[in-house]
Structure formats: structure tokens, C-alpha cells
Amino acid sequence: MPFAESPGARLHWEPHWTGSDHDARPPLVFSMAQAVKASLFAPFYSQLSDHFRLVSYDQRGMGESEATSDSCSMEDAADDLQAVIEAAFGDEPVISMGHASGAWVAFVHAIREPEAARALVLCSLAGFFAPPPGLLQAGLAINPKRVEYEEYKAQLGSIYTGMNYPDTPEGDAFLREYYAASRARSGPSWHGYAMRDVDRMRYWAKWTQPTLLLYGTHDRLGVPEHGYELLRVLDEAELHWFYPAGHFLPREQAGPTAERIIDWTSRLEG
């Protein structure tokens with residue numbers, strides 16, 4: 001089981017690729033959102049494993065990753081990502097993908113370590129603009145350790161997922177996995193505090209790497225309008241949205257999301 005060492009954390013990472021020609025494929029590192037085990041996105045990885053040397057990792061305090069410090073800033077999380085990149089790929093520049101608050105990690109890292117990330121894929125990026133009043137607070141207030149699954153699903157599904165997704169077998173299975181992972185978490189859910197405390201103007205659209213922006217049309221946290229604001233100010237970016245997906249786009253529409261990433265990176269390679 002591979003690990004990367006970072007100040008304040010010991011990070012479990014996992015490779016996902018198949019075939020004997022993988023050395024010719026571009027490296028891609030996927031940064032999770034808060035409270036999400038990397039293994040929850042396995043169906044998404046399977047869509048990408050023939051096209052990339054894909055690595056996922058558990059954020060500190062989640063899954064198999066250990067948090068050895070009681071606090072964590074977004075800069076600390078960016079250092080964690082750099083430790084994973086170095087452990088998996090040495091000094092080879094990667095395509096850095098982040099989901100939700102993991103997208104914050106990806107772009108803060110890209111600003112701090114511009115030589116390490118050659119391109120960014122930012123999915124369901126939330127937090128730069130105010131969500132509908134009380135929505136983020138309502139989401140953070142759902143404590144899986146204090147409610148049974150059906151109550152958790154009713155609250156979480158209406159906030160985080162796309163239209164009718166919780167009512168599908170796939171959606172119910174994912175939310176059950178998410179619920180179990182959240183109940184098992186031992187460390188703090190630190191991303192929300194790190195996003196609150198970060199100097200936003202220091203990082204607002206300051207990266208220069210080519211960027212792919214992906215959103216679900218029914219995302220209530222990283223709403224698609226946020227993507228248009230980023231598209232307006234970034235020098236080299238593309239924006240795509242997916243109907244009727246919500247905040248968990250890489251799981252809700254794993255195939256179409258992967259297809260868009262594969263197409264964009266193939267054009268990036270030239």
C-alpha cells in the first residue's frame with residue numbers, strides 16, 4: 001500500500017491504470033473533496049484507466065490517510081498534493097484534477113507549485129461565490145453520526161445531488177457508501193474551515209495553466225454560474241456542464257464526465 005509523507009499527514013494514494021503501454025499516457029492526479037474517500041469514485045476511475053496514469057489519494061484524516069496534526073490550511077492541503085505527486089511521478093508535471101473543495105486544493109497547489117501541474121480539471125468547484133443563503137451551512141450541519149441513513153439521504157440528497165439521483169439504485173448505493181465513510185471518519189472535516197480562512201484574493205484565478213471547468217446543472221453548491229465567472233477571467237479555459245447532475249458529477253455521470261476529460265486532454269496534447 002503506497003504512502004506519501006507530508007508535514008502533518010501520511011497520505012494513502014492508489015494507482016489506477018491498465019495495459020502495458022501506460023508509460024506513454026499522461027499522468028493525472030485526482031484530489032478528493034472533504035469527507036470523501038477516494039474509493040467512492042471507483043466507477044469514475046475505471047472510465048479513465050485506459051487513457052491516463054491516474055492516481056487518487058485520501059485527504060488527511062479520511063480513509064487510509066492519517067492526520068498527524070490537529071489543524072490544516074488550504075496551503076497544507078496543497079503541500080499534501082505535492083507530496084503525492086512526487087511519490088507517484090517524481091518531478092513529472094501532471095494534469096491535476098480536483099472535485100469540489102478538492103478543486104480548491106488543486107488550484108492552490110497549481111499557484112504554489114506551477115511547475116508541478118501542467119493543466120487543471122476543476123469539477124463542481126464551490127466556495128468562491130456565496131451559495132444560496134444557508135445552503136452550505138445546512139449541508140455542513142448534516143451529521144451522519146447522529147442520524148440514520150434514511151434521514152441522512154433525505155437531507156443530503158436534496159442539497160448535493162442531481163435531479164432524481166437519490167431515487168435510482170446507483171444513487172442510493174453511492175449515498176449509502178458516502179454515509180458509511182462519513183460515519184467512519186476519525187479526523188476533522190477541515191476543508192470547510194480552510195476554505196473560509198483562505199485569502200481568496202490571493203488565489204482568485206491566479207493560475208495560468210489550461211483549465212477544464214466541469215459542473216452539473218443541478219449543483220446547488222458549485223453552481224454553473226460560478227464556472228462562467230471563472231471562464232471570463234481565465235486566459236485558457238473551457239466550461240462544460242452536465243444535465244441533470246448535481247455536486248457529485250464524477251459519480252453521477254462518470255462516463256460522460258470521463259469522455260469530456262479524455263477529449264480535452266487529447267487536444268491539450270496536440
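**Entry 1: ground rules.** I call it a contact when heavy atoms lie within 4.5 Å. My model is predicted, so I note that local features need pLDDT of at least 70 and side-chain atom pairs count only at pLDDT 80 or more, while totals for chains, interfaces and linings use all residues. I number residues from 1 along each chain as its sequence is written, and side-chain values use heavy atoms, with hydrogens and water left out.

**Entry 2: His16.** Which residues does His16 touch, not counting residues up to four places away in sequence? I found Tyr45, Ser49, Phe52, Leu54, Val55 and Ser56. I placed His16 in strand S2; strands (E, at least two residues) and helices (H or I, at least four) are DSSP runs, numbered from the N terminus. Is His16 buried or exposed? Its relative accessibility is 18%, so His16 counts as buried (buried is under 20% relative accessible area, exposed over 50%, partly exposed in between, with a 1.4 Å probe and protein chains only). I also saw the side chain of His16 reach the backbone oxygen of Glu14 at 3.5 Å.

**Entry 3: aromatic pairs.** I searched the whole structure and got 14 aromatic pairs. Rings of Phe, Tyr and Trp (its six-membered ring) pair if their centres lie within 6.5 Å; planes under 30 degrees apart are stacked, over 60 edge-to-face, and the rest tilted. Why is the pair of Trp17 and Phe89 tilted? Their planes stand at 35°, with the ring centres 6.4 Å apart. Trp17 is in the loop between strand S2 (9-16) and strand S3 (27-31), and Phe89 is in helix H2 (residues 74-89), so this pair ties together parts 72 residues apart in sequence. Trp17 is partly exposed at 28% relative accessibility, whereas Phe89 is buried at 9%.

**Entry 4: a pair within one helix.** I looked next at Phe174 and Tyr178, another tilted pair, with 6.0 Å centre to centre and 40° between the planes. Both belong to helix H6 (residues 169-184), and because they are 4 residues apart, about one helical turn separates them. Phe174 is buried with a relative accessible area of 0%, and Tyr178 is buried with 8%. I was pleased to meet both again in one aromatic cluster, whose members include Phe30, Tyr45 and Phe248.

**Entry 5: the whole chain.** I noted 11 helices and 9 strands in the protein chain. Of its 270 residues, 56% count as buried. Among contacts between residues at least 6 apart in sequence, 76% join residues at least 24 apart.

Key. Polar contact = N/O pair within 3.5 Å; in protein donor to acceptor, adjacent residues only side chain to side chain.
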